[in-house]
Amino acid sequence: LELQQRGYLNTVNIVDLFGNIKELYSIHLDYWTTTITPVLNSFRSTRQPLHHEAVNELYDQLADRLQKPYLRYLQNASESIDYGRELTTRSAEFTRYAEWCQRQRPIRVAGNSSVIQNLSLDSIQSNPHQRITRYGILLDSIVKRSTDKDALYGTCKRVETLCRWLNNRVKLGELEKRIKTVSFAHFKV
């Protein structure tokens, strides 16, 4: 957007390229800063394991916050990726910009020594889908350390259902894309 304000890449449609990734980022950031971080800080200060009630409360809000925005994202994700690929083949300016982005220093997460690899445009565009599954991985880690695993069973099932729903939406989008490419000549055979 800043480059467009300076007169570069004006033919690039940001919404077509990234969909609602900015909205998803804001939702995750808000969820972590207003909901998860205060609970984690509270439990860190007491040095007690997370109570199943707190974990259930954290995850109860997850599907409500994410389902509609992720549905919008998933409905357009493959088109956004195709648009980005098309831009790299038809616009030398965009190709140079994408290559420059990939050469930038890797991102380091605060407090984590591991490096997130330089990301390609396709990776950036598909990252929101991968992020949602990390909530399930985090929950699995909490359950392993919990003294009351049975009390977290319902939450685990809801998160598993949400992840399965999202994965099915991705598969459905891919199937829809394949169906659109089938011509009537295929049916004559």
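## Getting to know the chain and its cavity

Going from the N terminus, the elements of this chain run α-α-α-α-α-β-β-α-α-α. Keep in mind that the model is predicted.

**Exercise 1.** Work out how many helices and how many strands the chain has.

*Solution.* Start with the order of elements: α-α-α-α-α-β-β-α-α-α, read from the N terminus. Now tally the two symbols, and you get eight helices and two strands.

**Exercise 2.** Find what share of the residues is buried, and describe the contacts and the surface of the chain.

*Solution.* First, take the 189 residues of the chain: 28% of them are buried, with buried meaning under 20% relative accessible area. Next, look at contacts with a separation of 6 or more: 71% of these join residues 24 or more positions apart.

**Exercise 3.** Look for cavities of 30 Å³ or more in the whole structure, and say which element gives the most to the lining of the largest cavity.

*Solution.* Step one is the search, which turns up one cavity of 30 Å³ or more. Step two is its volume: the largest cavity holds about 50 Å³ of space. Step three is the lining, made up of L17, F18, G19, N20, I21, Y73, N76, A77, S80 and Q125. Two elements, helix 2 (14–18) and helix 4 (52–90), each give two or more residues to that lining. Helix 4 comes out on top with four residues.

**Exercise 4.** Sort the lining of the largest cavity by class.

*Solution.* Go through the lining residues, counting Gly as polar. You end up with five nonpolar and five polar residues, and no charged ones.

Methods. Residues numbered from 1 in each chain as written. Predicted model: local features only at pLDDT ≥ 70, side-chain atom pairs only at ≥ 80, totals over all residues. Heavy atoms only, no water. Buried < 20%, exposed > 50% of the residue type's maximum accessible area, 1.4 Å probe, protein only. Contact = heavy atoms within 4.5 Å. 1 Å grid on protein atoms, 1.4 Å probe; cavity = no way out; pocket = protein on both sides within 12 Å on 5 of 7 lines; lining within 4 Å. Points joined across faces, edges and corners; volume = space filled by probe spheres on them.
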